[in-house]
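Reader: I'd like to learn how to read salt bridges in a model like this one. Could you walk me through it?

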Amino acid sequence: MAESVVLDPVDLHILRLLQNDARTTYRDLAAEVGVAPSTCLDRVARLRRTGVILGYQLRVDPAKLGRGLQALLSVQVRPHRRDLIGPFVERVRALPESRSLFHLTGPDDYLVHVTVADTADLQRLVLDEFTSRPEVARVETRLIFQQWDCGPLLPPA
């Protein structure tokens, strides 16, 4: 388990602002937080170096790219052994339709968030990329009607 990093109110303020708009300039960030731009730059560099900030991502609307249908696939892998799950995870992560992959406890081993063009494309994906694999014992598909983003992730107060 990763160690927590001690964050002061200035660090938390920087994180809140960057989580809302990662393109904020250091000058604007520093002015909002109330520190010098060089101090702000040092703070952000430390947050990156310590692994608090993992990176910056561009969010894309899958529907605008022809992938308007989203689904969650619950997958059981049998037998559940390292020599089988490693290649399974690598393959699922390499699929262009995969958005995220979760390793779970409970009756299902994995939950895969996918985006596809339509139900025929989803059927092709499930049959060709999941149920055709010998280690996949079962796949259950749930369509996503709507998705909401939640607030920024900040440490507990």
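Predicted model: local features only at pLDDT ≥ 70, side-chain atom pairs only at ≥ 80, totals over all residues.

Reader: OK, and what counts as a salt bridge here?

Author: Look for a side-chain nitrogen of Lys or Arg within 4 Å of a carboxyl oxygen of Asp or Glu. Searching the whole structure that way turns up 14 salt bridges.

Reader: Which residue does D8 meet in a salt bridge?

Author: That's R43, with 2.8 Å from N to O. The pair ties together distant parts of the chain: D8 sits in the segment before α1 (9-20), while R43 belongs to helix α3 (residues 37-49), 35 residues apart.

Reader: Is R43 buried or exposed?

Author: Buried means under 20% relative accessible area. R43 comes in at 19%, so it is buried.

Reader: What about D83: which partner does it have?

Author: R81, and their closest N and O atoms are 2.8 Å apart. D83 is partly exposed at 47% relative accessible area, and R81 is partly exposed too, at 41%.

Reader: And how far apart are N and O in the salt bridge of E140 and R138?

Author: Those side chains meet at 3.0 Å, N to O. E140 has 32% relative accessibility, which makes it partly exposed; R138 is partly exposed as well, with 28%.

Reader: Which residues do salt bridges with shared partners join into one network?

Author: D8, D11, R43 and R46.

Conventions. Residues numbered from 1 in each chain as written. Heavy atoms only, no water. Helix = DSSP H or I, 4+ residues; strand = E, 2+ residues; numbered from the N terminus. Buried < 20%, exposed > 50% of the residue type's maximum accessible area, 1.4 Å probe, protein only.
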